Amino acid sequence: MSENEVVTLITGAERGMGFVEAQTLSQHGQHVFMGAYDMDLGQKSAKKLQDQGLDVTLVHCDITDRDSIKEALKTVEDKYGYLNILINNAGIPGPEGGLPAETSEEDLRKVFETNFFGTSAMTHAAIPLLKKAPFGKIINVSSEMGSLTSQTDPTSMFSHITSYAYQASKTAVNAITVAYSKEFKGTSITANSVDPGMTATDLVNKAEFEKNGAKPVESGAHRTIEIALDPKNDLNGTFTQDGGIVPW
Ligand SMILES: NC(=O)c1ccc[n+]([C@@H]2O[C@H](COP(=O)([O-])OP(=O)(O)OC[C@H]3O[C@@H](n4cnc5c(N)ncnc54)[C@H](OP(=O)(O)O)[C@@H]3O)[C@@H](O)[C@H]2O)c1
């Protein structure tokens, strides 16, 4: 470990895009704390990377559990004393169907508990460690599904898709980005949202997504990795995908 080492914590890093982000960022010399919700899979995933000679530390991190968030950050603090990059990657899909009239309040709360309250609590708890680093980045893995502009643009495919709980939760994730980007404007900490685009992972119906041209997981993780590796850290309060800006 060196004082200049870039320290990164990724939530939901045991599979999908989070795993690819952990692999690529550690290949670039960052020390990655792999936040795992499922520790059995987390152990296998971390071992896979450690067997490749990569410097990763596995931490249990359930973003709906405040004690788990605290413990994960305590591990980062004890080992490094600071955190440069928080990638809020963890997320869950909405219930089947998805029309608002068919969505129960219970389902809505369940999705918000992870995607919004979990992401918000994780970010809030990480701020003291981000402030201790020479630079800090909050990268929220959102979705164009949460873009109100795309959902109301008749020419956008998102105007034809309704997954109320998931979409509303990602709109709310974007609100986290906007709020923190305003609070830390002009400081060393930035906050940005990323849309990976339609990606074939376990979150979705893979076969159906692949049929509709979903990207492989490496491509889905690309924009998040690009921001995490950007040495300038001058992007703040943006919502982007590989193709450029995504409307809020
Ligand atoms: N796939 C797409 O097309 C797409 C498009 C736009 C945005 N996204 C977003 O991209 C992010 C990554 O998703 P993915 O597609 O890579 O799906 P994924 O493979 O299912 O990854 C999601 C990860 O989040 C974890 N997770 C779920 N609940 C958690 C909790 N309470 N605390 C901590 N971790 C938790 C999951 O753990 P378990 O598997 O153990 O439950 C899993 O490791 C998500 O935020 C998703 O909304 C995906």
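Reader: How is the packing of helix α4 and helix α6 described?

Author: Two packed helices are described by the angle between their axes and the distance between the axes. Axes are lines fitted to C-alpha atoms, for helices over the stretch in contact, and angles run from 0 to 180 degrees between N-to-C directions. In this predicted model, α4 (residues 105-131) and α6 (residues 164-183) pack at about 15 degrees, with their axes 8 Å apart. That makes α4 roughly parallel to α6; angles under 35 degrees count as roughly parallel, over 145 as roughly antiparallel, 65 to 115 as roughly perpendicular and the rest as oblique. Helices here are DSSP runs (H or I, at least four residues), as are strands (E, at least two), numbered from the N terminus.

Reader: Is the crossing of α4 and α6 left-handed or right-handed?

Author: A crossing is left-handed if the near helix is turned anticlockwise from the far one by less than a right angle, and right-handed if clockwise. The crossing of α4 and α6 is right-handed.

Reader: Which residues of α4 and α6 meet?

Author: Contact means heavy atoms within 4.5 Å. Among the residues of α4 that meet α6 are L108, F112 and I127, and the α6 side includes Y166, V173 and Y180. By class, this contact of α4 with α6 has 13 nonpolar, six polar and one charged residues. Ala, Val, Leu, Ile, Met, Phe, Trp, Tyr, Cys and Pro count as nonpolar, Asp, Glu, Lys and Arg as charged, and the others, Gly among them, as polar.

Reader: At what angle do α3 and α4 pack?

Author: Helix α3 (residues 66-79) packs with α4 at about 35 degrees, the axes being 10 Å apart. The crossing of α3 and α4 is right-handed.

Reader: Is A221 buried or exposed?

Author: Buried means under 20% relative accessible area, exposed over 50%, partly exposed in between (1.4 Å probe, protein chains only). A221 has a relative accessible area of 0%, so A221 is buried. A221 lies in the loop between α8 (217-220) and α9 (222-229). Beyond its neighbours within four places in sequence, A221 is in contact with M17, V20 and E21. By comparison, I92 is partly exposed, at 23%.

Reader: What is the mean pLDDT of the chain?

Author: pLDDT is the predictor's confidence in each residue, from 0 to 100. The chain has a mean of 96, and 99% of its residues reach 70 or more.

Reader: How are the residues numbered, and which atoms are used?

Author: Residues are numbered from 1 along each chain as its sequence is written, and side-chain values use heavy atoms, leaving out hydrogens and water. Local features need pLDDT of at least 70, side-chain atom pairs count only at pLDDT 80 or more, and totals for chains, interfaces and linings use all residues.
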